[in-house]
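The sequence and structure are shown first, and the description follows.

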Amino acid sequence: GAGVSQSPRYKVAKRGQDVALRCDPISGHVSLFWYQQALGQGPEFLTYFQNEAQLDKSGLPSDRFFAERPEGSVSTLKIQRTQKEDSAVYLCASSLRTGVYNSPLHFGNGTRLTVT
Amino acid sequence: AQKITQTQPGMFVQEKEAVTLDCTYDTSDQSYGLFWYKQPSSGEMIFLIYQGSYDEQNATEGRYSLNFQKARKSANLVISASQLGDSAMYFCAMREGRNTGNQFYFGTGTSLTVIP
């Protein structure tokens with residue numbers, strides 16, 4: 001596929017359950033980002049990878065959030081002991097080049113997480 | 001201070017008319033990029049147009065153009081000949097040259113509705 005692929009598209013979890021969200025970036029893209037988007041808001045930065053290295057996780061809201069990209073391609077965002085406030089759309093984006101300001105982000109369709 | 005400000009929560013435009021979506025930004029960097037994204041109700045974030053801080057001419061991509069006024073720190077999106085399919089949320093974003101790993105900021109978005 002040519003684009004960023006995210007799965008599942010929708011996820012309903014009961015409060016307290018763990019969830020794992022998958023992102024398959026565009027082949028060859030070095031940078032990978034996770035964003036959280038609440039209803040009616042713009043995307044908020046969560047974390048950033050350059051290849052397999054997680055260079056910035058300052059946006060992760062709590063230690064219940066964990067992300068990895070072990071082989072520098074597919075990434076997983078894991079949320080432990082989900083809470084209702086975790087309900088949001090989780091967007092993954094990749095970028096071809098790193099360290100330059102003119103490289104756009106290419107987004108996946110997102111995973112809509114609903115915690116009941 | 002907000003890095004990206006979009007002051008129009010909602011806009012309406014008649015089909016076939018032009019519309020301008022406002023965006024102002026705040027940065028002390030000399031090198032930065034400005035981006036516009038479209039987000040239809042399906043949720044995907046679609047990259048529309050890019051303007052670099054050193055670009056002397058306004059960027060254009062088909063019916064999209066970016067009215068870049070550097071001194072005013074504004075980067076308004078102009079959509080010409082609006083179509084019903086243009087109805088969506090539109091986000092302005094900026095990527096700074098300094099520490100470009102994760103510095104990709106989004107505004108709160110403008111909801112555009114095209115009226116037939």
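## Charged pairs in chain A

A:K78 counts as partly exposed, at 32% relative accessibility (buried means under 20% relative accessible area, exposed over 50%, and partly exposed in between, with a 1.4 Å probe and protein chains only). Its partner in a salt bridge is A:E68, with an N to O distance of 3.4 Å; a salt bridge is a side-chain nitrogen of Lys or Arg within 4 Å of a carboxyl oxygen of Asp or Glu. A:E68 is likewise partly exposed, at 26% relative accessibility.

The model is predicted: local features need pLDDT of at least 70 and side-chain atom pairs count only at pLDDT 80 or more, while totals for chains, interfaces and linings use all residues. Residues are numbered from 1 along each chain as its sequence is written, chains are lettered from A and ligands numbered from 1 in the order in which they are written, and side-chain values use heavy atoms, with hydrogens and water left out.

A further salt bridge joins the side chains of A:R64 and A:D86, at 2.8 Å from N to O. A:R64 belongs to the loop between β6 (53–56) and β7 (65–68) of chain A and A:D86 to the loop between β8 (75–79) and β9 (88–95), so this pair ties together parts that are 22 residues apart in sequence. Strands (E, at least two residues) and helices (H or I, at least four) are DSSP runs, numbered from the N terminus. Both A:R64 and A:D86 are buried. A:E68 lies in strand β7 and A:K78 in strand β8 of chain A, so their pair connects parts ten residues apart in sequence.

In chain B, the side chains of B:E96 and B:K3 form a salt bridge of 2.8 Å, N to O. This pair links distant parts of the chain, 93 residues apart: B:E96 is in strand β10 (residues 88–96), and B:K3 is in the segment before β1 (4–5). B:E96 is buried, with a relative accessible area of 1%, whereas B:K3 is partly exposed at 21%. Over all chains, the count comes to five salt bridges.

## Nonpolar cores

A nonpolar core is a set of buried Ala, Val, Leu, Ile, Met, Phe, Trp, Tyr and Cys residues joined through side-chain atoms within 4.5 Å. The largest has 24 residues, and B:Y25, B:W36, B:I49, B:L77 and B:Y90 have the most contacts inside it. Strands of chain B that each supply at least two residues include β5 (32–39), β6 (46–52) and β12 (110–115). β10(B) gives the most to this core, with four residues.

Another core, of 20 residues, lies apart from it; among its members are A:W34, A:L46, A:F65 and A:L77.
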